[in-house]
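The sequence and the structure are shown below.

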Amino acid sequence: MKRFYGWNIVWALALTTTVGYGILYYGFGVLVKPMEAELGWSRAQTSGAYSLGLLVSGLVAIPVGHWVDRHGARGLLLLGSALGSLMLLAWSQVQGLAAFYLVWAGMGLAMAMVLYEVAFTVVAVWFRRWRHRATFVITMVAGLASTVFVPLETLLVGELGWRGALLVLALLFGGITLPLHAVVRRRPQDLGQWPDGETGPAAQAAEASVSARAAFAGATFWWLAAAFTLLRLTTAAVGAHGVPLLLERGYSPAFTAAAVGSIGLVQLLGRAFFLPGSQRWSLYHATLGVMFAQALGSLALLLVPGSLGVGAFVLLYGMSNGAGTLARAGLTAELYGPASYGRINGGVSLVVSLTQSLGPIGAGLLHGLWGGYDAVLGILVAGSLLAAACVWQVQATRGRLEGVRS
């Protein structure tokens with residue numbers, strides 16, 4: 001029996017998304033401090049460029065998804081690999097702030113082309129029954145991006161300086177992702193195969209899908225977008241304020257660093273639990289569990305004193321954050337099918353990207369208003385519970401999609 005080519009694509013995308021997140025996304029945090037020291041820029045100035053990149057990535061999510069739906073992902077992935085390498089090379093040569101902002105606008109475009117959103121669109125086309133497992137493989141491997149690349153980038157900066165490190169990272173990024181993206185094909189039928197590698201009439205029947213126009217016009221999409229926007233707001237707030245929050249509550253810098261640093265590894269645990277959980281119960285109930293876990297994590301940090309509360313927060317919040325990626329990809333595919341997955345998932349990404357910056361800013365304003373982080377944690381609990389209510393509404397309104405499936 002011929003090996004199903006879809007798994008070759010999954011492992012290729014698992015590696016390229018790991019490299020993409022490790023270099024394009026996490027590299028900024030390692031390189032920014034020595035760059036500021038040389039060029040005399042403030043953290044606000046450099047952070048603005050990074051925020052611009054994230055904003056551009058969100059703004060182009062729908063056209064990127066539309067392209068993948070219409071033409072397949074291979075050409076776009078290859079273009080993203082080339083663009084990402086060129087932007088890293090350009091970054092290594094910047095002398096002025098305007099050029100740095102232009103580089104990060106291009107970096108945002110490259111990230112939109114090579115990270116999770118495009119990978120999940122490919123998976124939606126190549127898999128049905130094994131879709132959750134394929135997504136799980138990609139996210140589990142890519143979850144190691146910071147673990148692998150942050151130490152590597154730190155070593156390169158120490159040995160070569162930040163400009164030399166960027167030259168090496170540009171060659172590394174292009175050298176790994178270009179050949180691996182070349183293995184991606186548009187759909188299994190192009191190779192004489194069918195989704196999941198199945199055979200027979202059932203495998204060859206087209207999976208029912210909802211058009212992007214019908215999806216955007218329905219309440220279900222907006223409940224879905226609201227749920228994962230609220231999840232992302234909490235993630236962004238904790239990402240920006242997690243360290244000062246724990247320091248303010250009296251924990252040592254070493255304990256704080258260990259606690260916040262361990263969240264990344266706990267995310268992998270959340271993904272490992274989410275896959276069997278969604279198969280045993282349902283995708284909706286597993287996603288509700290994600291939202292409640294996040295609420296309980298913030299509540300534990302607010303109410304449970306000492307290291308026990310911090311440990312509960314790290315475990316529950318980390319697992320929720322990790323599983324949320326799988327939940328969003330799985331729900332979008334289950335609700336709308338593969339035909340317009342790229343555009344619909346891009347629509348969710350656009351809503352999330354346009355609002356995620358409110359998390360850090362809002363947490364900072366609340367901290368200043370109340371003189372501490374207790375009010376922030378209370379709002380995070382409420383936001384997570386509201387996200388769960390939105391997921392409940394997704395389940396309640398999904399029946400309306402049956403009439404627009406084709």
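Are Tyr 50 and Trp 104 buried or exposed? Both Tyr 50 and Trp 104 are buried, where buried means under 20% relative accessible area, exposed over 50% and partly exposed in between, with a 1.4 Å probe and protein chains only.

**Basis and confidence**

The model is predicted: local features need pLDDT of at least 70 and side-chain atom pairs count only at pLDDT 80 or more, while totals for chains, interfaces and linings use all residues. Residues are numbered from 1 along each chain as its sequence is written, and side-chain values use heavy atoms, with hydrogens and water left out. The predictor's confidence in each residue, from 0 to 100, is the pLDDT; its mean over the protein chain is 89, and 96% of the residues reach 70 or more. Among the elements, helix 5 has the highest mean pLDDT (97) and helix 10 (residues 201-204) the lowest (55). Where pLDDT is low, the predicted coordinates should not be read in detail.

**Helix 5**

Helices are DSSP runs (H or I, at least four residues), numbered from the N terminus.

**Nonpolar cores**

A nonpolar core is a set of buried Ala, Val, Leu, Ile, Met, Phe, Trp, Tyr and Cys residues joined through side-chain atoms within 4.5 Å. The largest holds 67 residues, of which Leu 88, Trp 91, Phe 100 and Trp 104 touch the most other members. Helix 9 gives the most to this core, with 10 residues. A second, separate core of 34 residues includes Phe 136, Phe 221, Ala 227 and Leu 331. Residues up to four places away in sequence aside, Trp 91 touches, among others, Phe 28, Met 35, Phe 100, Trp 104 and Trp 162.

**Aromatic pairs**

Rings of Phe, Tyr and Trp (its six-membered ring) pair if their centres lie within 6.5 Å; planes under 30 degrees apart count as stacked, over 60 as edge-to-face and the rest as tilted. The whole structure has 20 such pairs, and two of them are listed here.

| Pair | Type | Centre to centre | Angle between planes |
|---|---|---|---|
| Tyr 21 and Tyr 116 | tilted | 4.8 Å | 55 degrees |
| Tyr 50 and Trp 104 | edge-to-face | 5.3 Å | 70 degrees |

Tyr 21 in helix 1 and Tyr 116 in helix 7 are 95 residues apart, so that their pair links distant parts of the chain. Tyr 21 counts as buried at 15% relative accessibility, and Tyr 116 is buried at 9%. The pair of Tyr 50, in helix 3 (residues 43-59), and Trp 104, in helix 6, also joins distant parts of the chain, 54 residues apart. One aromatic cluster includes Tyr 21, Tyr 50, Trp 91, Trp 104 and Tyr 116.

**Two loop residues**

Leu 115 lies in the loop between helix 6 and helix 7 and is buried at 8% relative accessibility. Beyond its neighbours within four places in sequence, Leu 115 contacts Thr 17, Gly 20 and Tyr 21. Asp 196, in the loop between helix 9 and helix 10, counts as buried at 10% relative accessibility. The phi of Asp 196 is near 70 degrees, a positive value in a residue other than glycine.

Technical notes:
Contact means heavy atoms within 4.5 Å.
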